[in-house]
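Reader: I would like a close look at a single part of this model, followed from one end to the other together with whatever packs against it. Please state the cut-offs behind each term as you go.

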Amino acid sequence: MSKSSKLANAYKEVLQELNNAQELVASLPRGYISRKTISGHTYHYLQWREGSHVLSTYVNDNLVALTQAKIDVRKAAEELVKVLKASLKKTEKELRKAGYSEEQIQALRG
């Protein structure tokens with residue numbers, strides 16, 4: 001297998017991983033857990049920003065740990081997306097050096 005075909009296969013694999021990570025990010029809640037104490041009782045809310053508005057939804061006490069874990073996984077997946085995008089750019093540069101045209105790189109993207 002030639003170096004350029006190995007690069008093309010690596011590019012496809014990274015692209016697939018990026019798609020999987022982006023799907024994971026989209027499926028998990030964004031934002032943070034906010035705690036408010038009202039009349040001595042603590043309530044938990046999932047809060048996130050949409051434009052200039054902060055939206056929130058109540059989180060049952062039984063689900064706070066699970067929701068926080070999902071938020072943590074989302075943040076890790078967002079970091080993975082950044083790394084994978086950087087890897088794609090680097091691999092595209094290597095493909096261009098190996099003689100691939102922009103059309104061929106676009107064809108690899110599917």
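Author: A residue is called buried when its relative accessible area is under 20%, exposed when that area is over 50%, and partly exposed in between, using a 1.4 Å probe and protein chains only. The model is predicted, so local features need pLDDT of at least 70 and side-chain atom pairs count only at pLDDT 80 or more, whereas totals for chains, interfaces and linings use all residues. Residues are numbered from 1 along each chain as its sequence is written, and side-chain values use heavy atoms, with hydrogens and water left out.

The part I take is helix α2, which covers residues 64–97; helices (H or I, at least four residues) and strands (E, at least two) are DSSP runs numbered from the N terminus. Helix α2 has 34 residues and reaches 50 Å from its first C-alpha to its last, close to the 50 Å expected at 1.5 Å a residue, where the expected span is 1.5 Å times one less than the number of residues. Its buried residues are V64, T67, I71, R74, A77, V81, L84, L88, T91, E92 and L95. An α-helix has 3.6 residues a turn, so residues three or four places apart point the same way. The cover over the buried residues of α2 includes α1, β1 (32–38), β2, β3 and α3.

I begin with V64, which lies in helix α2 and is buried, with a relative accessible area of 11%. Not counting residues up to four places away in sequence, V64 touches I33, R35, H44 and V59, contact meaning heavy atoms within 4.5 Å. V64 and S2 are 62 residues apart in sequence and 51 Å apart in space, C-alpha to C-alpha.

One of the residues that V64 touches, H44, is also in contact with S34, as are Y43, Y45 and Q47, leaving aside neighbours of S34 within four places in sequence. S34 itself is in strand β1 and is buried, with a relative accessible area of 11%. Ring pairs link Y43, Y45 and Y58 into a cluster, and the structure holds 2 aromatic pairs; rings of Phe, Tyr and Trp (its six-membered ring) pair if their centres lie within 6.5 Å, with planes under 30 degrees apart counted as stacked, over 60 as edge-to-face and the rest as tilted. The rings of Y45 and Y58 have their centres 6.0 Å apart and their planes at 75 degrees, so this pair is edge-to-face. Because Y45 lies in strand β2 (residues 41–50) and Y58 in strand β3 (residues 53–59), the pair ties together parts that are 13 residues apart in sequence. Y58 is partly exposed, with a relative accessible area of 42%.

Further along α2 comes T91, which is buried with a relative accessible area of 11%. T91 touches L7 and Y11, not counting residues up to four places away in sequence. Both L7 and Y11 are among the buried residues of α1, and the cover over the buried residues of α1 includes α2 and α3 (102–109). The 25 residues of helix α1 (residues 3–27) should span 36 Å at 1.5 Å a residue, and its end C-alpha atoms are 36 Å apart, which agrees.

Just after α2, G99 takes a positive phi of about 105 degrees.
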